[in-house]
Amino acid sequence: KMNNIELQERNKIQQQVLQLESFAKQYLTNEAITRYGNIKAANQEKALQIIVFITELAQQNKIKNKLK
């Protein structure tokens, strides 16, 4: 059983992931968002790696068009 601090930390991390996803999805086509959802359902760790990578590229202005 998780204590209150662990629950707060988990909620904080979940919020950060949602913010990353929201930011990164701006750079994805609808089809890419669907594929991302499939990846997330199968492997959350891999999905997080993808979102972090897209966010890094976007912050470096390396994304010119939406990713397919």
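Author: Before we look at this predicted model, one cut-off is needed: a residue counts as buried when its relative accessible area is under 20%, and as exposed when that value is over 50%.

Reader: OK, so is T29 buried or exposed?

Author: T29 counts as buried, because its relative accessibility is 16%, and the cut-off for buried is under 20%.

Reader: And where is T29 in the chain?

Author: T29 sits in the loop that lies between α1 and α2.

Reader: Which residues is T29 in contact with, if I leave aside its neighbours within four places in sequence?

Author: With those neighbours set aside, T29 is in contact with K66, L67 and K68.

Reader: Changing topic, what is the volume of the largest pocket?

Author: The volume of the largest pocket comes to about 210 Å³, and its lining is made up of I13, Q14, V17, L18, E21, Y36, K40, Q44, A47 and L48.

Reader: Which elements give two or more residues to that lining?

Author: Those elements are α1 (4–25), α2 (30–42) and α3 (44–59), and the largest share, 5 residues, comes from α1.

Reader: How many of the lining residues are nonpolar, polar or charged?

Author: The lining of the largest pocket divides into 6 nonpolar residues, 2 polar ones and 2 charged ones.

How values were computed
Residues are numbered from 1 along each chain as its sequence is written. This is a predicted model: local features need pLDDT of at least 70, side-chain atom pairs count only at pLDDT 80 or more; totals for chains, interfaces and linings use all residues. Side-chain values use heavy atoms; hydrogens and water are left out. On a 1 Å grid over the protein atoms alone, a cavity is a set of points where a 1.4 Å probe fits but cannot get out, and a pocket is an open set with protein on both sides within 12 Å along at least five of seven lines; lining residues have an atom within 4 Å of a point. Grid points are joined across faces, edges and corners, and a volume is the space filled by probe spheres set on the points. Helices (H or I, at least four residues) and strands (E, at least two) are DSSP runs, numbered from the N terminus. Ala, Val, Leu, Ile, Met, Phe, Trp, Tyr, Cys and Pro count as nonpolar, Asp, Glu, Lys and Arg as charged, and the others, Gly among them, as polar. Buried means under 20% relative accessible area, exposed over 50%, partly exposed in between (1.4 Å probe, protein chains only). Contact means heavy atoms within 4.5 Å.
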